[in-house]
4 protein chains.
Amino acid sequence: MPETLIKVDLSQSAYDNDMVHNRWHPDIPMVATVKPGSDFIVETYDWTGGFIKNNDSADDVRDIDLSIVHFLSGPIGVEGAEPGDLLVVDLLDIGAKPDSQWGFNGFFSKKNGGGFLTEHFPQAQKSIWDFEGLYTKSRHVPGVRFPGLIHPGLIGCLPDPKMLATWNAREQGLYDTDPGRVPALATLPFGPTAHMGRLSGDAKAKAASEGARTVPPREHGGNCDIKDLSRGSKIYFPVYVPGAGLSMGDLHFSQGDGEITFCGAIEMAGWVHLKVDLIKDGMAKYGIKNPIFKPSPITPQYDDYLIFEGISVDEQGGQHYLDVHVAYRQACLNAIEYLKKFGYSGAQAYSILGTAPVQGHISGVVDIPNACATLWIPTKIFEFDINPSAAGPTKFLDGSIQMPLSPDL
Amino acid sequence: MPETLIKVDLSQSAYDNDMVHNRWHPDIPMVATVKPGSDFIVETYDWTGGFIKNNDSADDVRDIDLSIVHFLSGPIGVEGAEPGDLLVVDLLDIGAKPDSQWGFNGFFSKKNGGGFLTEHFPQAQKSIWDFEGLYTKSRHVPGVRFPGLIHPGLIGCLPDPKMLATWNAREQGLYDTDPGRVPALATLPFGPTAHMGRLSGDAKAKAASEGARTVPPREHGGNCDIKDLSRGSKIYFPVYVPGAGLSMGDLHFSQGDGEITFCGAIEMAGWVHLKVDLIKDGMAKYGIKNPIFKPSPITPQYDDYLIFEGISVDEQGGQHYLDVHVAYRQACLNAIEYLKKFGYSGAQAYSILGTAPVQGHISGVVDIPNACATLWIPTKIFEFDINPSAAGPTKFLDGSIQMPLSPDL
Amino acid sequence: MPETLIKVDLSQSAYDNDMVHNRWHPDIPMVATVKPGSDFIVETYDWTGGFIKNNDSADDVRDIDLSIVHFLSGPIGVEGAEPGDLLVVDLLDIGAKPDSQWGFNGFFSKKNGGGFLTEHFPQAQKSIWDFEGLYTKSRHVPGVRFPGLIHPGLIGCLPDPKMLATWNAREQGLYDTDPGRVPALATLPFGPTAHMGRLSGDAKAKAASEGARTVPPREHGGNCDIKDLSRGSKIYFPVYVPGAGLSMGDLHFSQGDGEITFCGAIEMAGWVHLKVDLIKDGMAKYGIKNPIFKPSPITPQYDDYLIFEGISVDEQGGQHYLDVHVAYRQACLNAIEYLKKFGYSGAQAYSILGTAPVQGHISGVVDIPNACATLWIPTKIFEFDINPSAAGPTKFLDGSIQMPLSPDL
Amino acid sequence: MPETLIKVDLSQSAYDNDMVHNRWHPDIPMVATVKPGSDFIVETYDWTGGFIKNNDSADDVRDIDLSIVHFLSGPIGVEGAEPGDLLVVDLLDIGAKPDSQWGFNGFFSKKNGGGFLTEHFPQAQKSIWDFEGLYTKSRHVPGVRFPGLIHPGLIGCLPDPKMLATWNAREQGLYDTDPGRVPALATLPFGPTAHMGRLSGDAKAKAASEGARTVPPREHGGNCDIKDLSRGSKIYFPVYVPGAGLSMGDLHFSQGDGEITFCGAIEMAGWVHLKVDLIKDGMAKYGIKNPIFKPSPITPQYDDYLIFEGISVDEQGGQHYLDVHVAYRQACLNAIEYLKKFGYSGAQAYSILGTAPVQGHISGVVDIPNACATLWIPTKIFEFDINPSAAGPTKFLDGSIQMPLSPDL
């Protein structure tokens, strides 16, 4: 077996593991160094460091302090990596920790993070998904079962000081346009809950006060939450600092395009088996600003989908100009209404869209003023037939099973 | 062979064909009536009614009066269809007219329509794509060849008066926020170039002045430009008027997600073989607002993609809040920069994204403040290897072939 | 549109069309010559030249004189082709004749041709399949509908005299081991029903008496009946005579692996749009004896199959040594028994295996003494659920529809 | 994690593990009992019980006593299972033992087992394949790398006495037709090397002398070596004895259709996570004689193949009657000749066909006298382009790396 470079002990606080960090900063010390061409294993906490539990209450989803996320394993140095190179990462395999064969999905309260449909689902809710080998199902969302499209929600290299400054400046600028907004427009540096890996003392304090939050995806990749970056795929990351400094975490057993439930996909603790290599000066050679990647040859295959359309007219009939965000929200709401006809609660339908390998396509984006987005639901994830028929829908679910909900206090 | 309900003669002006119309209005008379369960063929003009020619000049793209589009064949009445039903449409097959085995793609001038990347490609350009059976290639964009994912860009049923009024009101409202904008924020009713099918006299004049433009997709479907609504697929359309009134046009031999080039996909004149059926009261039974559909079992298959990421930070570094439109634009621009390294001009790369069956995914839409979109390019459409390698890219094209460009006058 | 090199008139006897032939012989004159790189269209009769009719009687299947088959269009000469070259053929598209949107499938009587399961289905039976755009269904086999995997059952180049002699000698040798066998072990040259294209007089008589029958696949390809050689695929054929001499026919709208029903797949008259090119001296360069090919990017896609196993123990319990033929027969018989539980007659089930895109895999061929073959039935071709369940099968069919059968006279 | 019902210690002889057996016999005691609906893990030896080593000599392949195989884990009893039921087995996941991340492939000497191409490769040869997460590659076969299609080569339930007697009688009958043949026509009961699990004393001696060898696939499934019975698939097994008695082993990391190299696929020690359930009286309900199954949604996907044809004319030009075995052998030999043009030795090419997920189709089986078989090689498994071109093949390999060969002593 390849070496496990970074281990995590799920019974230990992530803050006590010095090979973990939860901010992006060039000063965070490498915790290990590997040679190009080598493969190794990295263990990770779930993105909350174990805060969300395998139980039937959404209190933890309601109460979590979101400034603690995401707990990342790394940074790992790669010998010879220099700014301007491309770091080639093969995700050779990914899995859940053997002693933690489950994951969670949920919606944050609108007062604490919110989500894509927070106006429709403003309270904290949670579902637990059990893994059964390659498959998952939930005791809170009956009637669906599907194989995992396992991937890291978050992976990327350390920024250099200039890039870090750019990130912080532009996000602060946006934040400042509406500082009181709930949920906030952006997550800004926040020292008190920062975990800066092996930094300590003044160096830590300084870096913690500057470190970019891990929430948004950025030029380096980071928290892209791209479901297709799954085990078996190959990624080309921009390198900004000597040694590259690769970190990762936020593993997902499965996720729909958009990660619309925000808390989040099917979130899990686990391990990544990866291999690294370099393309020297690759950023200039290929004109690379953001990562590029090639998908895995091993992903769950579906030939049949039910596809929902949405346009950029909002729930109140308001007309938006080529707004794909609004269009996708309409497609999602349309799908939820449809699934409710089969007996699902709205929350359960929303959870399915957040967890199952649904596709979200930007179908049309020039036909003024309406963008058109499509949401693709694989029909085979259901244990019953969800196709339309002349007879109309059958209620396969009787509503006796519901998702835990914890009202705001 | 099934009956051809509507014929078009490409040597005749579309305005002279009374089974064609270019506005949406409930008063447009049905041109034929069919029974549920029947199949038939409908011929269509290309969306411009033949204005764009198979030649090596982009003058027609620059000079077109866009108020004439789209020329639709229909409306077709379905016996027994009533408001609230779902009209089930099987796209049994679609093809180009035998005497018109080619299509066009292009970018409008920013002064006349623009497009997704109009700031980067502000001048009119055009490429011609020849069909070779199932495949297409272009004399203006060397090095790519791919099978068609043939589909109607535009298909849907007539609105009722209330829905028509809603459309016009909300689009007028948006338009009025910036009436002088170029390109305009919306296309408003415009009588002079309206073709109202078999309406004539005052009835025509009245309807022409009210008829909704065909440009945007709306609740009824319409100009969705969804590449996956391809031959072999099955669509469930909302019905608003007695008889349904199904019209279609804007056939595409192929298109990438987003139809980013706007003028347009690979646009062609052709025919649709379709079958219609009804789900009575289907809108309420299934909670349907917009059409839903099931994809075709026969589509070009790819197992290998090169995938580009984009985030909602614009070309000037401006930070946008979860804006998928901006994120997808960045993904597209990233792909264009990449393809240029192999010898393509920016315009040629842009054309490939507009014509080939590239996928555009809404990958992450909750990680404030950045949306993440991905653009998937199937590697097999290229006649050479476009994958990254340690050696760097090879210039397979020498730049001797370029796309026609017609500067603004 | 490309030129139609060879036309066929379905109201005319194939014997009266001098661009058609039904034997393989190097002396058959080319009927047209094309340049490498050119594309063109070839029309073909169905393999029987129109003998089998679209009706509800199997008399024609029972009574056909099988020495007349297959009616091939060609041979077509390719400029510059020489023995030893590879002729590269792109099957750009294939379709049924517009005025002949149907095909037939059937089983020959054991006394007149037989078939793979002739011991179980010894009498002539027939089913007619109607085409509906990309799809087909049969009034004689209810409950299935599927898109076509359209392909030529037979395509290849003329043999040279030496190869012809080899064919005839080895097949005569086999025939002579049991000359009275019914069905025969091989089809030998037979002058009286030979159609030698543009040959006439003594030259025709000589060639007719020597011409290899078109029934078996051979080194040149020929009657391979490979369902995957479908429209969109690319084939590399060995060239034996100057000009290559490409002929084709026996078009199939769809077929299962093995073409087990023998009469045949879904047989149709139609057209092929193809393009030819050359790899000079390609046979030696690539060590080619039989054709090789690359499959089409456009084929019906299925993600779900029900798979039946068979081993090389025959119906009477007899043990055969690694005999894949016997193993596949068992897999087919197992599938037929299964389908009968849902209400199909054995004949209908057999027809489904012969017509639908079922796969037949040589799964294990070394585990003495049993070969293992698998038969893959795509579940989506059925209009009902054929998966096993705890509740047991439901009879979806009531037996009121049966396939025509014509007893031996 | 689910319970591991059966553990194997690779440092211990398989004969010392009483939860393992290497013959089929109804008297072998169940080693564990599970309830329908439960899931659990079973570890297995490789099929030789560890005889073949991870080294660079083929001596072990040459010298192995093949009467010792296959070492199976089980039998496992299922509560409530009765003869006539179907045992539904979900292969939830399968993997290699963590401390044994490699597998072997090889050809037996013609004098000791042989193989599909033993006349062409009569000497013992071996290749070792290292696993890298989802992928494998070999230090003995350069230029190929592919993800595993992991499956058990052998799985099935215990026979009852009557079935056992049938097996032994029919195989003895075949054997007796040529008792001196090398390799033998069949493997007969052989007590000295039998491992009968927990049987001991006279009961063991009796059962050992009667126990059916594990080599051939039979009515119960058994050694089917079906590559598509991969992790994620669902199998329906006939039940013959109370409790079913499910055993399994012979895990493969990957295999081509036919397992033509015989020793074998990529053979490994590992574990299976499985779930069992029952369909009461399922054999009669569904007319089941051999197992049926549904494939996994998670398998390596390929869209591009190079396909080789073979017909039932043997290497000496001998004509066989619809013999798929001969036809597939020709397709394999054709592929080997082709691959040699790129620099592979024949043995390396043969190994690729035995290990990679190549497909073997029974393409035509009625066109007397020639069967037609096709061999499908996925082009993406190669690190270079193996497609034909006008320029001819490039020798990507220089022959410096060869497979170990151990001549007969």
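How many aromatic pairs does the rule count over all chains? Which elements give two or more residues to the side of chain B that touches chain A?

A: This is a predicted model, in which local features need pLDDT of at least 70 and side-chain atom pairs count only at pLDDT 80 or more, whereas totals for chains, interfaces and linings use all residues. Residues are numbered from 1 along each chain as its sequence is written, chains are lettered from A and ligands numbered from 1 in the order written, and side-chain values use heavy atoms, without hydrogens or water.

The count is 81 aromatic pairs over all chains (Phe, Tyr or six-membered Trp rings with centres within 6.5 Å; planes under 30 degrees apart are stacked, over 60 edge-to-face, the rest tilted). The rings of A:Phe342 and A:Phe384 are stacked, because their centres are 6.5 Å apart and their planes lie at 15°. This pair links distant parts of the chain, 42 residues apart: A:Phe342 sits in the loop between α5 (324–340) and α6 (346–355) of chain A, and A:Phe384 in the loop between β21 (372–378) and β22 (405–406).

The contact between chains A and B (heavy atoms within 4.5 Å) takes 88 residues from each of the two chains. About 7,400 Å² is buried there, 60% of it from carbon and sulfur atoms (accessible area, 1.4 Å probe, lost on putting the parts together, summed over both). On the side of chain B, B:Tyr286, B:Glu309 and B:Ile362 supply 10% of the area buried against chain A, more than any other three residues.

Two salt bridges are counted between these chains (Lys or Arg side-chain nitrogen within 4 Å of an Asp or Glu carboxyl oxygen). B:Lys294 and A:Asp304 meet in a salt bridge, with N to O at 2.9 Å. The elements of chain B that give two or more residues to the side touching chain A are α2 (161–176), β12 (217–218), α4 (282–286), β18 (292–294), β19 (305–311), α5 (324–340), β20 (359–364) and β21 (372–378) (DSSP runs numbered from the N terminus: helices, H or I, at least four residues; strands, E, at least two). The largest share, seven residues, comes from α5(B).

Strand β18 of chain A (residues 292–294) pairs with β19(B) in the antiparallel sense over two bridges (DSSP must find at least two). Within β19(B), B:Phe308 is the bridge partner of A:Ile292.

How values were computed
Buried area is the accessible area (1.4 Å probe) that two parts lose on being put together, summed over both.
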